[in-house]
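I opened this model to go through its charged pairs, its helices and its overall dimensions. The entries below follow the order in which I looked things up.

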Amino acid sequence: MPPLTYLLNWRMSLAARALREDDTPVVSLAQSVGYTSESAFSNAFKRTVGVAPKRYRDAARGRPVRA
């Protein structure tokens with residue numbers, strides 16, 4: 001696996017765990033995993049995981065998904 005792919009997967013793994021377990025705002029989470037903007041992080045997360053970070057958090061916590 002190329003190093004940048006590994007780094008992306010590691011960042012998204014950390015982010016997914018934080019979204020499931022913490023109430024950290026997405027903007028703070030984005031910065032903590034190395035992104036300079038919430039938008040860039042959200043786009044990368046959605047591309048990698050398949051859903052937006054906020055939807056992922058809601059689904060992981062059993063909350064109804066917002067439209």
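**Glu38 and Lys54.** I began with Glu38, which is partly exposed at a relative accessible area of 29%. I use buried for under 20% relative accessible area, exposed for over 50%, and partly exposed for what lies in between, with a 1.4 Å probe and protein chains only. Lys54 is also partly exposed, with a relative accessible area of 46%. The side chains of Glu38 and Lys54 form a salt bridge, 3.8 Å from N to O. Glu38 belongs to helix H3 and Lys54 to helix H4, so this pair ties together parts 16 residues apart in sequence. A salt bridge here is a side-chain nitrogen of Lys or Arg within 4 Å of a carboxyl oxygen of Asp or Glu.

**Basis.** I note that this is a predicted model, in which local features need pLDDT of at least 70 and side-chain atom pairs count only at pLDDT 80 or more, while totals for chains, interfaces and linings use all residues. Residues are numbered from 1 along each chain as its sequence is written, and side-chain values use heavy atoms, with hydrogens and water left out.

**Asp23 and Arg61.** How many salt bridges does the rule give? I get two. One of them joins the side chains of Asp23 and Arg61, at 2.6 Å from N to O. Asp23 sits in the loop between H1 and H2, and Arg61 in the segment after H4, so the pair links parts that are 38 residues apart in sequence. Asp23 counts as exposed, at 62% relative accessibility. Arg61 counts as partly exposed, at 25%.

**Arg57.** I then checked Arg57, which is in helix H4 (residues 53–60). Arg57 is buried but has no salt bridge. Which side chain of opposite charge is nearest to Arg57? It is Asp23, 5.3 Å away. For charge, I count Lys and Arg as positive and Asp and Glu as negative, leaving out His and the chain ends. Apart from neighbours within four places in sequence, Arg57 has contacts with Ala18, Leu19, Asp22, Asp23, Thr24, Val26 and Arg63. Contact means heavy atoms within 4.5 Å.

**Fold.** I find four helices and zero strands in the chain. From the N terminus on, the order is α-α-α-α. Helices (H or I, at least four residues) and strands (E, at least two) are DSSP runs, numbered from the N terminus.

**Helix H1.** H1 covers residues 3–21, and its 19 residues should span 27 Å at 1.5 Å a residue; the end C-alpha atoms are 27 Å apart, which agrees. The expected span is 1.5 Å times one less than the number of residues. I list Met12, Ala15, Ala16, Ala18 and Leu19 as the buried residues of H1. Viewed down the axis of H1, they fall within an arc of 165°, so they line one face of the helix. The arc is that of the directions from the helix axis to the C-beta atoms. On the other side of H1, I find Pro3, Tyr6 and Glu21 exposed. The cover over the buried residues of H1 includes helix H2 (26–32), helix H3 (38–49) and H4.

**Arg11.** Arg11 is in helix H1 and is partly exposed, with a relative accessible area of 22%. I looked for its contacts beyond four places in sequence and found Val33, Gly34 and Tyr35. Arg11 and Val33 are 22 residues apart along the chain, and their C-alpha atoms are 5.7 Å apart.

**Helix H3.** The twelve residues of H3 reach 16 Å from first C-alpha to last, close to the 16 Å expected. Its buried residues are Phe41, Ala44 and Phe45. Seen down the axis of H3, these lie within an arc of 100°, so they line one face of the helix. They pack against H1, H2 and H4. Just after H3, I note a positive phi of about 110° at Gly50.

**Whole chain.** For 67 residues, a compact globule would have a radius of gyration near 11 Å; I have 12 Å for the chain, which agrees. The radius is taken over C-alpha atoms, and the globule rule is 2.2 Å times the number of residues to the power 0.38. Along the principal axes, the C-alpha atoms fill a box of roughly 35 × 20 × 20 Å. Buried residues make up 25% of the 67 residues. Of the contacts with a separation of 6 or more, 46% are between residues 24 or more positions apart.
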